[in-house]
Amino acid sequence: MSNSTNETIATVGLGAGGPEVGVQGLGCMGMSWGYGPTHDEAEARATLERALELGVTLFDTADVYGFGRNEEFISPFVRAHRDRITLATKFAIDRDESDPFGNQRIRNDRPYIRRAIEGSLRRLEVDHVDLYYMHRRNPEVPLEESVGAMAELVAEGKVKHLGLSEVTAKELRAAHAVHPIAAVQSEWSLFSRDVEGGGANSVAATAAELGVALVPYSPLGRGFLTGSFVQAEEELSEGDFRRRQPRFTGDNAAVNAALLEPIRKIAEARGATLAQIALAWVQQRAQVHGLAVVPIPGTRTRARIEQNTGATWIELSADELAALEPIAGQVAGARYADMSATSAGRE
């Protein structure tokens, strides 16, 4: 069920007064960083163009991805289509380039935020960012200071809309009181459902109440939910950061591979891919919460972007949803080796 035609996907608004974007976005990180070497740069660039043809208009990057090189990578595409796309980038993760997947500092202070946006604008070669996220929250810095500094960037025209990533429901509510938040980016997939925890006080419920869109990153479990791995740890290249992720290592990988069977059965019955079923689940799960949702699966091939956007036309039945429901509860391993910088790690 790939989308091989030029039929474009539907659109949805990011927050009250936010931009209208395609119901599926594109995470650009893996095009130049994180998942091992980019084998075909020309194909990755062609993927950006194909995504736009299919109605994908939200393109997501961050200053930490390759220490600015991912922003530089997508810059020519951004400038060529500036009036047609919504550009999102992030600040807050301060790492040592000599140890790219090692220790990190979380910076939310005003001087750092101002330096970060100037760096991103320079690398992207634009005069403003459409959606600017706080990539991670440092609870030692008052939220009013951080969001206040971000709001100053809006007043100056350097940023159009504000976003948060991996925050608690309480933090979202407090930030929204300082300045309207258009979107919250958090991991959400069949394997990762932390945003739903807490019932009426969950991130999902709070976002729905406030009219904030949810932008799920890693909706395919960093590729695990595509069925691509048998012995994940052995199949990943040395430069792939997933080699450090608990769900891809040791006995966890085998346990999680076995969990894909319900997805595989549904995919085979529908003539779809596992990825399409996993993405369709995210879309429909958001409807349960009354949320505007824009998943941002990452890919660097045109064939995969066509498959991924094809998921937006899939409507899972009640029986299919029920068959998928138990998967998250059985997943082996935490989302990250160190959960302290995530919303789940703070709640």
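**Strands, helices and a cavity**

Me: What stands opposite Leu 26 in this predicted model?

Reply: Phe 59 in strand 4 stands opposite Leu 26.

Me: How do you know that strand 3 and strand 4 pair?

Reply: Pairing takes at least two bridges. Strand 3 and strand 4 (residues 58-60) have two bridges, in the parallel sense. Therefore they count as paired.

Me: What is the order of the strands in the open sheet?

Reply: Seven strands form it, in the order 3-4-5-8-9-10-11, with parallel pairing.

Me: Why are strand 3 and strand 11 called edge strands?

Reply: Strand 3 (26-27) and strand 11 (213-217) each pair on one side only.

Me: What describes the packing of helix 3 and helix 4?

Reply: An angle and a distance. Helix 3 (residues 110-124) and helix 4 (residues 143-155) pack at about 35°, with axes 9 Å apart. The crossing is right-handed.

Me: Which residues of helix 3 meet helix 4?

Reply: Arg 110, Ile 113, Arg 114 and Ile 117 do. Their partners in helix 4 include Glu 145, Ala 149 and Leu 153. By class, this contact has five nonpolar, two polar and four charged residues.

Me: How many cavities of 30 Å³ or more are there?

Reply: The count comes to one. The largest cavity has a volume of about 60 Å³.

Me: What makes Phe 191 a lining residue of the largest cavity?

Reply: A lining residue has an atom within 4 Å of a cavity point. Phe 191 lines the largest cavity, so it has such an atom. Others in the lining include Glu 187, Gly 221 and Arg 335. The lining divides into three nonpolar, two polar and four charged residues.

How values were computed:
Residues are numbered from 1 along each chain as its sequence is written. This is a predicted model: local features need pLDDT of at least 70, side-chain atom pairs count only at pLDDT 80 or more; totals for chains, interfaces and linings use all residues. Side-chain values use heavy atoms; hydrogens and water are left out. Axes are lines fitted to C-alpha atoms, for helices over the stretch in contact, and angles run from 0 to 180 degrees between N-to-C directions. Helices (H or I, at least four residues) and strands (E, at least two) are DSSP runs, numbered from the N terminus. A crossing is left-handed if the near helix is turned anticlockwise from the far one by less than a right angle, and right-handed if clockwise. Contact means heavy atoms within 4.5 Å. Ala, Val, Leu, Ile, Met, Phe, Trp, Tyr, Cys and Pro count as nonpolar, Asp, Glu, Lys and Arg as charged, and the others, Gly among them, as polar. On a 1 Å grid over the protein atoms alone, a cavity is a set of points where a 1.4 Å probe fits but cannot get out, and a pocket is an open set with protein on both sides within 12 Å along at least five of seven lines; lining residues have an atom within 4 Å of a point. Grid points are joined across faces, edges and corners, and a volume is the space filled by probe spheres set on the points.
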